[in-house]
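Here are some notes to read alongside the structure. Take the points one at a time, and find each place in the viewer as you go.

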Amino acid sequence: MDLTTTYMGLRLKNPLVISASPLSEEADNVRKMEDLGASAVVLYSLFEEQIIKDSYELDHHLSAAAESHAEALSYFTEPEVLHIGPEHYLEYIAALKKSVGIPIIGSLNGSTPGGWVEYARLIEEAGADALELNIYTIPTDPNLTALDVEQNYLDILKEVRAQVSIPIAVKLSPFFTSLANMVVKLENAGANALVLFNRFYQPDINPEELEVEPQILLSAHQALRLPLCWIGLLFGRTPLDLAATSGIHTVQDVIKMVMSGANVTMLCAALFRHGLHHIEVLEKGIGAWLDEHEYESMEQMRGNMSQLHCDNPAAFERAQYVQAVHTHFRIRE
Amino acid sequence: MKKPLFKTIDGNEAVANIAYRVNEVIAIYPITPASVMGELADAWASEGVKNIWGTVPSVIEMQSEGGAAGVVHGSLQTGSLTTTFTASQGLLLMLPNMFKIAGELTPAVFHIAARSLAGQALSIFGDHSDVMVARGTGFGMLASGSVQEAMDIATIAHAGTLKARIPFLHFFDGFRTSHEVNKVEMVDEDMLRAMIDEELVEAHHTRALSPDHPVLRGTAQNPDVYFQARESVNSYYEQCPAIIQETMDQFAELTGRAYHLFDYYGAPDADRVILLMGSGCGAVQESVDFLNSQGEKVGLVKVRLYRPFDMKSFLKSFPESTKKIAVLDRTKEPGSAGEPLFQDCVTAFQEGMGNEWSNPLPVIVGGRYGLSSKEFTPAMVKAVFDNLSEIQPKKHFTIGIQDDVMHTHIPFDSNFSIESKAMTRAIFYGLGSDGTVGANKTSIKIIGEHSPNYAQGYFVYDSKKSGAMTISHLRFGPDPIQSTYLIQEASFVACHQPVFLERYNVLQQMEAGGTFLLNLPYAPEEVWEKLPRPIQTEILEKQLKVYVIDAQKVAHQAGMGRRINTVMQVCFFAISNVLPQDEAIEAIKTSIQTTYSKKGRHIAEMNIRAVDETLAHLFPVPLPEAVSSKTEFLPPVSEEAPDFVKNVLGEIIGGRGDQLPVSMLPSDGTYPTGTSQWEKRNIGLKIPVWDPTICIDCGKCSIVCPHAVIRLKAYEPKYLDNAPASFKSKDARDKDWKGLKYTIQVAPEDCTGCGICVDFCPVKNKKITRLKAINMEDQPPLRVQEKENWEYFLDIPSLDRRELKINSIRQQQAQEPLFEFSGACEGCGETPYIKLATQLFGDHMLVANATGCSSIYGGNLPTTPWTKNAEGRGPAWSNSLFEDNAEFGLGFRVSLDKQKEFAEELVRQLKSEIGEGLAEEILSADQNDEAGIYEQRERVADLKQKLEKSTSSVAQKLLTLADVLVKKSVWIIGGDGWAYDIGFGGLDHVLASGRNVNILVLDTEVYSNTGGQTSKSTPLGAVAKFSASGKPTQKKDLGMIAMNYGNVYVGSVAMGAKDEHTLRTFLEAEAYPGTSIIVAYSHCIAHGIEMSTALQNHKALVQSGQWLLYRYNPALKEEGKNPLQLDFSAARTSVDQFRNLESRFKMLAKSHPQIAKKFLHTAQKQIKEHYAFYEHMASQSFSSGKTDVES
């Protein structure tokens, strides 16, 4: 069965791409992912804040108590070389490129144009096949307009685009006033693909301890509805490739996403829940499903259930909402 | 000759630079002021820096200086060129091996940053007491007196020892030379190669022990031959001086810097000459120049080679015109005929008369100067020459102090100064935490390395570890700088912290017309009114130019927080005109890039931002014509303080300790306790404020407070009748305290503002959850109000200790701490444990304290945190040494037990006289709790009353001993450097003794006091000094070793993880009638952590399994129970989670990522195995003293 797909010009053996997560911090894991059937890996993210934080923290602890007491002019011998920047990440990409055959996609997570450009270039130089920009900002400043927020995204993308020649995917949040318009702007700014959607960090609250707990929630199955909807809406209306992420756990989920128009489907929570072997389960399952339903290839089904190609385009938009509500919520008598 | 390479470095680096490059093995152990040499050697080795033979020397840290000397001896015996660095007590520990090394004619050099020995007190500062003790070892001794000389003489020593086969002790003055930063011409690799004779190196290798050509070395000899054999080395000593001179000449040819065994400087026809060695030569040389320019005829003989003492060269070095000689010794040998150099000088002239010295015998007088880095200035030099001008010069004098007891001192004119006006002389007053010293060191480098100017920096530090003041003395000028004393007349003074203006005359050394830079948060026109009267007076009288900058504001805007270093550095360059302004700023920026780039672009950018912003915020201050302020300096201590505190300690606090005469100081080193309460340092910018409305009276804020500034009391409501309006109280929650009021009060002027209490408070405000039952607020607006509240609080009577349930923190914390307001770091992890012990047992406690952080914050003048209760009882404290603390404490126990035994014998003898009943009660008293001790005290008081009426000698004897019948608790306290390393042998013996002592190990997992060097307690993978690439071995399990004896109570605690467990362990350890040891996890600033949240690290540490909480109570065996109880459940998180909180672990991932990964993996595995082992041990059923395994 032909499960191949293309994503930003990369020819992939199936749509199962591993999304950025700590799972890819170990080279052994990445090799296993390849062996188990992953077609590409988006590496864990290089966080702009982490680099800055490490930098400040180290400077603070190396100098804070120094030169205060005659017996202890310092508490650490300052190393000649410090790998504060992205060196480790870059070395890791280079090493992975030597040990795995599938494409490696670098991932940058940040919110300001400053440091990004340099890191993007270095990631390209390290050998990454593509770059995913995870532009992660929660606009809490009341003086910031929606236009400002959008412009920030575009500025970052343009600066990075000017520096690198590898394909760039932008991982977006769903919270845009006019997502379709934003997609056009991103396309014009040089994006090659969209990853839909980024899930904002949503802290939990512990009512016993009265503490905010920064736990990352793994995406639930139902989270797939939002990307499913938007990929269905965007397919055929943008030249950008579309990657689906959030809530993809089962064979059916992958099939649905591809049918709505995704080039690739990204896996994360499912692997945390079921282990890396789940990749193999999905790959086999997709093949079987296609076989059973007499599809010739993934490509054949891609976008067949998009708004553009389905038999009920209104179902993707508000016109259908009223009916849906009425059908689902019937008061029992 | 090649173009010389100049660098600005300190003496330690100058010496280490040579020693590292010409040795193959380096054995090290930390001791101030020599530690830096070992640290540099270790750092260079970890970076792969090679010696002149192209290999990286092997650097090994040992458990003590004695151990280091042993390694040196062994390494030399097997043919490696080997060196070591030490000072003071460390040198004393090396002495036995030094006799051996010299006796076996082994080439080696020991580099010594000469330091005072502990006598009436320890001192970390410089003099020659230590090296003088080594005179008998057979080591040659070479002295250097400046940073340049230290580098040069180090080279000569290493080259000379190979030729002479006599090992050398190369010494230079601790701090004055070891820590002075100066511009020096480097001895490069080619020069070193030329100096070190390869054939001699080969010869050393050939003499090595080897089974391929076996020999026996180190025999035992009998009366028949020992003497002759001892004399067999004489020819080597005879030839040595000529060899050293030849080596010096060879060095001069290579470098142009000429040295002689004794160097004369001064008028060729001088009639008066000073003889001395070390850094004092600099001050004398300058003075000689000045005095000769005034028409006097004076000179100086500098001793370079002190041993072997070459009489011929010595006598030859004096001009024939010499009539009088003053020999200055930087040491004291009580009871001697004179100090060593003096005696050598007298002997040499006596023996040389008529031979090498054909002139009349000069008058020779000896004097002592500069002990413990006491200043030695041109004024003092002049006084010494003036003394020589007297018909009968004073003998055995002292200079630099006022000896109003034996009148040994020579007076000097403290206003006499010969500071060169051609030099810029700048004094900077800063705080340790504001980066002043670091910035000044950079300035010296900038000037020294970017201009033809010479530069010198010397830094004076506070004895406190928190809120510490630093004073930097910087000189810059066109000629080499040899002013080996603090700046007497400054052309520039900068006060980096407004708070200093309240207490200190920072302008005392300022010369007329100088420049004064102030960091104050005021506009230029507001500044004048904010200055106290004495400062205004100085400004106007000396016609100073005054500038102001709000450095905090600039630093804050640039993102640098409290570090104002860069801002103030720019200001200095902008107004001092040492370099053209643009050039200076460019150089600062370059230096920032060099220093900070490796820490990340953002750090460099932040500093550059600060540079760019500074000049726009620097303003001249308009000055009126008259003094207007009514504010005088604050007194160092309150007027209510006892006389000794006011007249002695207060003067030291006020910075006038140098002026205290001999009579004011205790001659046997005994000082009162309870003195830190008078210091009122006001260093906390924020202090905790109690919210009684939500407080649950748990006492946690109080138990964790490192500085004992949070106290709690429950009391009768009537005590609120006259309370100040802002005094807070609430109803006590504890059911035992029903009807009582409850207050938590903070000592506002003693709090350091560490914030540990707030972090540990378990209660949150239900409306605003970021608020707790105790919250940090700005101190200044609260100071007056809370001071009044604190004083009122202290007067409220405490509850009767006998009524408290001390096994619950809530009630236990009502016990008064007898350890308060220490100068330990803000948020110290050690002091809460000490404080807890004093709360529980302080009124009957004796403390043997190992040298280290706890002896410094516990016993460094001016004040001590050890205090006493209202009855005048409290811990009696003493520090003997670093290495002997366990034995020292055991000595307390043995002595007290003997006295008690004797007293009990006398009680029995006097039964009829004192009454059968009382005698029996005394002899059978149960003193295991507060009530028991209280009752015994009553009985002993009764007994004493009866004995006082008796005239029998037995009764009188018992009267002197009676107090020992009341329980005395001996606590042996020290850090891990002591317990795991240097003192372990003694500790082990004490553990094996079974005697009733309590050992408290404050385990910071590094040598904290000397700056964070690795100990055997340091965990695998932690970065510490001497483990720059991570500690490669796992932490020693001291608790397990102690448990091995079977009869030792062992507790492992971490207060932040489980405070109730800590309390229980302390109570059990004290109650156990044999030896107890508590290993207490103590977070430390050397861990690279956020101190305000450090107790969270305790939790994470224990949860990860890296630290186990347990108690091993041998008493449980009697009950058929397993003595080992694990007091926490299995590791719940990964060790990575804990290690991510601390820079000591995280830094390795940044410097050596691969090694870090490997260590982390191994650590996780070891921790799992370690826990499994303990779990297995604790799970064994135990009956009849046998475990399942054994039966």
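1. Confidence comes before anything else, since this is a predicted model. The mean pLDDT of chain B is 96, and 99% of its residues score at least 70. One stretch to treat with care is residues 1187–1191 of chain B, where pLDDT stays under 50. For that stretch the model has six contacts beyond four places in sequence. For the complex, the predictor gives an ipTM of 0.92 and a pTM of 0.93.

2. Next, look at where the two chains meet.

3. Among the buried ones are Arg1144(B), Phe1145(B), Met1147(B), Leu1148(B) and Lys1150(B). The buried residues of helix 41 of chain B pack against helix 2 (48–63) of chain A, and also against helix 40 (1135–1139) and helix 42 (1153–1179) of chain B.

4. Now find the open sheet in chain B. Nine strands form it in the order 1-8-18-19-17-20-21-22-23, with mixed pairing. Which strands are at the edges? They are strand 1 (6–10) and strand 23 (618–620) of chain B, each of which pairs on one side only. From one strand to the next, the twist averages 20°.

5. Strand 1 and strand 8 of chain B run antiparallel and are joined by five bridges. Here Asp10(B) stands opposite Val181(B) of strand 8. Strand 8 of chain B is then joined to strand 18 (residues 454–461) of chain B by two bridges, and this pair also runs antiparallel. Asn182(B) has Gln456(B) of strand 18 as its bridge partner. Why is strand 8 of chain B described as largely enclosed by the rest of the structure? Because four of its five residues are buried.

6. Further along the sheet, strand 21 (residues 510–519) and strand 22 (residues 545–549) of chain B run parallel, joined by five bridges. Phe516(B) has Val546(B) of strand 22 as its bridge partner. Helix 1 (residues 11–21) of chain B touches strand 1 and strand 8 (181–185), and its direction makes about 110° with that of strand 1. Helix 19 (residues 565–576) of chain B touches strand 17 (424–431), strand 20 (490–495), strand 21, strand 22 and strand 23, and its direction makes about 145° with that of strand 21.

7. Thr250(A) is in the loop between strand 11 (241–244) and helix 8 (251–260) of chain A, while His496(B) is in the loop between strand 20 and strand 21 of chain B. Why does Thr250(A) count as partly exposed? Because it has 16 C-beta neighbours inside 10 Å, and a residue needs 20 or more to be buried. His496(B) has 27 such neighbours, so it counts as buried. Beyond its neighbours within four places in sequence, His496(B) is in contact with residues including Phe428(B), Tyr429(B), Asn519(B) and Met568(B).

8. Finally, the interior. In soluble globular proteins, nonpolar side chains tend to be buried together. The largest nonpolar core here has 339 residues, and Leu275(B) and Val384(B) touch the most other members. Helix 6 (residues 147–164) of chain B gives the largest share of this core, 10 residues. Leu275(B) touches, among others, Val301(B), Ile325(B), Leu341(B) and Cys345(B). A second, separate core of 86 residues includes Leu3(A), Ile93(A), Ala191(A) and Phe197(A).

Notes
Residues numbered from 1 in each chain as written. Chains lettered and ligands numbered in written order. Predicted model: local features only at pLDDT ≥ 70, side-chain atom pairs only at ≥ 80, totals over all residues. Buried ≥ 20, exposed ≤ 12 C-beta atoms within 10 Å, placed from the backbone. Contact = placed C-beta atoms within 7 Å. Pairing = 2+ DSSP bridges. Axes fitted to C-alpha atoms, helices over the stretch in contact; angles between N-to-C directions. pLDDT = per-residue confidence, 0-100. Core = buried A, V, L, I, M, F, W, Y, C linked by C-beta atoms within 7 Å.
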